[in-house]
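Q: I have a structure open and want to go through it bit by bit. Can you help me read it?

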Amino acid sequence: MLTPESWSSNCGACNLHIGCKNGRQWVDGCLQDPLILFVSHGPGIDEDAVGTPQQGMGGTLLKNILRDCGVEGLCAYTNVTRCFIPDPKNPHKSKHPTKKQMDYCVPTLFNEIEALNPRLIVTLGAPAAKYLLEVGTIK
C-alpha cells in the first residue's frame, strides 16, 4: 500500500510546510500503475484548502477533459513542491517555487514516480517542465 510516509523521507527539510493549512500535498488519483502522472509546480490556494492536487479551476478543467476522453480514472496528480507558497503581493495566489525549494522537494517526487510507475509523465506549467527537464532558468 502506498502511503506518503513511504516516499517522503526528505519532506520537512525546508520551512515551506509552516504555512500549509492542510499539511503537505501528496499524490492523488490512480495510485497503482497510472497511465499518466500529471506534475505541476506546486499547490495553489484551492489545493491548500482541500489538501490534494489539481482542485482549482485548471484542475477541474483538466479532469473534465480527461473524463470526456475516458481516462480520468487512469491518471494521478502531484506537484514538485508539496506546500502552498503564497505570493507576497497577493496571498490568495501561489508564488512559483525557487530552484532551491524544488531541490528540497524533488526527492519526494522521484520516490512517488518510482512507487507509482506511470506510463507517461506530463508536466503542467513552465516551472515544473523547466525543473524536471533541466531546460531554461529557474531563479
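Q: What covers the buried residues of H2?
A: The cover includes strand S1 (28-29), strand S2 (36-40), strand S3 (75-79) and strand S6 (120-124). This is a predicted model, where local features need pLDDT of at least 70, side-chain atom pairs count only at pLDDT 80 or more, and totals for chains, interfaces and linings use all residues. Residues are numbered from 1 along each chain as its sequence is written, and side-chain values use heavy atoms, with hydrogens and water left out.

Q: Which residues of H2 are buried?
A: Gly-59, Leu-62, Lys-63 and Leu-66. Buried means under 20% relative accessible area, exposed over 50%, and partly exposed in between (1.4 Å probe, protein chains only).

Q: Where do they sit around the axis of H2?
A: Viewed down the axis, the buried residues of H2 fall within an arc of 95 degrees, so they line one face of the helix. The arc is taken from the directions from the helix axis to the C-beta atoms. In general, an α-helix has 3.6 residues a turn, so residues three or four places apart point the same way.

Q: And which exposed residues are on the face turned away?
A: Met-57, Leu-61 and Asp-68 are carried there.

Q: How many residues does H2 have?
A: H2 (residues 57-68) has 12. Helices (H or I, at least four residues) and strands (E, at least two) are DSSP runs, numbered from the N terminus.

Q: What comes just after H2?
A: Gly-70, which takes a positive phi of about 80 degrees.

Terms used:
Expected span 1.5 Å × (residues − 1). Contact = heavy atoms within 4.5 Å.
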